[in-house]
Amino acid sequence: MRRSEGSLTEIEATLLEVAIKMCGVDNVEFHGFQLAKAHQQALGKPRIIGFGSLYRALDRLESLGYLKSRKEPDEVAREEGRPPRRLYTLTNSGRNAFARHLMNKGVALPVPGITVPEGPAP
Amino acid sequence: VKWLLFVALSAVVGSIVGRYLLPMTVGVVWYWQVCLTLGAPRRERERKLEQFIEFIDGVISADREKGYNPSQIAVTVLMAVMDGLRDDLGWWRERVGPLRTTIAALHSPLCWDVSVAISTLGLLCYCAGETNCWISVVFVSYCAANTFARLRAQYYVKKAYQYVDAARQFAVTPSERLPLYRAWAKTMQRAHRYMEPVIMPATLDEVLEVLDELERRSGSMHEQRRRLAAGFIKLLDRAPWDRELRRGRIPRCPLLLK
């Protein structure tokens, strides 16, 4: 089934919600696995989200402009003795999209960094 | 002694498996990703493999912090990859098209099915990435050969049914019709050479045999029709792959309709 433009799937919405909670108002950067761990803790699941599911959702959120990413400098990774990571940042349109998603579902929760307009969904 | 040997052997096997299970598992899932991204444009492939390394490193570090042993970490890694298997295939599907039609596109020598043709196109676009020129060349050739085969087949099918039309319009007696039907069968044989190299000509050979036998024998018209009908039913029964024929897009032989 084809999705409507800009709509979020359940997993994308959950990841966006977790990302919003992680970033807070300061918009802290996070990497994919960090988000996966936070997602696992938030949902209280015994296992971490699958690799394919996580990055497919992240790629889609990035292509929609809800997340921005940059590659971590190699020096930092080398110092810590691990492979370089891709760091994601939440954009304002990502926050707005999540707020819209909540409104469409009929839930009005405060999203850090934006004001949720009151009233029924358009 | 047997039990002691068994315990010792189990300990040895256990230690070997315990030692190599994690690298083996990481190797297996790594090659799964490598195979999955085979033929993808370079940038996408690098991105996916980079994500994979980041994720596996994260899983291993997190499990080490929890105090898991390598075998337990291997199981976690495997589970994390297995959990996303459906989405991995979805990633492939977004770029190539459904797996079923892709296999059909690779298998069928003739793309008459729209979804198969779309998959072929998807596969072509997918492979026409930055680095995989040779795959692109193979698929361009494949599509060109398919198109050529399709055009030839269409030409022969059209020509074959001109004989049938002629038989229906101008030939009055069965003896006048039979050469035209034989011409139909022979032309169809040529058409099917481009459609399916094994099954159809064999079936059409039987039809030709029936036609030849009909020419030789002086049986009743009822008997002739029955045998021809039997021949054509066999033809249809033995060609389950030929969806077009079953859908009736290629006109059916008028002998069956009369």
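Before I turn to the strands, one definition: two strands are taken as paired if DSSP finds at least two bridges between them. With that in mind, and remembering throughout that this is a predicted model, let me begin with chain A, where β2(A) and strand β3, residues 86-90, run antiparallel and are joined by five bridges. One of the pairs you can pick out on the screen is Leu67(A), whose bridge partner in β3(A) is Leu90(A).

Packed on the sheet is helix α3 of chain A, residues 51-63, which touches β2 and β3 of that chain and whose direction makes about 110° with that of β2(A). The sheet itself is open and is made of three strands in the order β1-β3-β2 (chain A), with antiparallel pairing. Because β1 (30-31) and β2 (67-71) of chain A each have a single partner strand, they stand at the edges, and one side of each is left without a neighbour in the sheet.

Stepping back to chain A as a whole, we have five helices and three strands, and if you read along the sequence the pattern is α-β-α-α-β-α-β-α. Of the 122 residues in chain A, 44% are buried, while the accessible surface of the chain comes to about 6800 Å², with 51% of that belonging to carbon and sulfur atoms. As for the contacts in chain A with a separation of 6 or more, 50% of them are between residues 24 or more positions apart.

Let me now move to the charged side chains. In general, side chains of opposite charge can pair when their charged atoms come close. Over all chains, the structure holds 12 salt bridges, and I will go through some of them.

In helix α1 of chain A, residues 10-23, Glu17(A) and Lys21(A) lie four residues apart, about one turn of the helix, and their side chains meet in a salt bridge at 3.4 Å, N to O. Glu17(A) counts as partly exposed, because its relative accessibility is 27%, whereas Lys21(A), at 62%, counts as exposed.

In chain B, Lys48(B) forms a salt bridge with Asp88(B), where the closest N and O atoms are 3.1 Å apart. Here too distant parts of the chain are linked, as Lys48(B) is in helix α2 of chain B and Asp88(B) is in helix α4, residues 85-96, of that chain, 40 residues apart. Are these two partners buried or exposed? Lys48(B) has a relative accessible area of 4% and is therefore buried, and Asp88(B), at 0% relative accessibility, counts as buried as well.

I will end with a case that brings in both chains, namely a network of salt bridges that links Asp59(A), Glu62(A) and Arg47(B).

Methods:
Residues numbered from 1 in each chain as written. Chains lettered and ligands numbered in written order. Predicted model: local features only at pLDDT ≥ 70, side-chain atom pairs only at ≥ 80, totals over all residues. Heavy atoms only, no water. Helix = DSSP H or I, 4+ residues; strand = E, 2+ residues; numbered from the N terminus. Contact = heavy atoms within 4.5 Å. Axes fitted to C-alpha atoms, helices over the stretch in contact; angles between N-to-C directions. Buried < 20%, exposed > 50% of the residue type's maximum accessible area, 1.4 Å probe, protein only. Areas by Shrake-Rupley, 256 points an atom, 1.4 Å probe, with all protein chains shown as cover. Salt bridge = Lys/Arg side-chain N within 4 Å of Asp/Glu carboxyl O.
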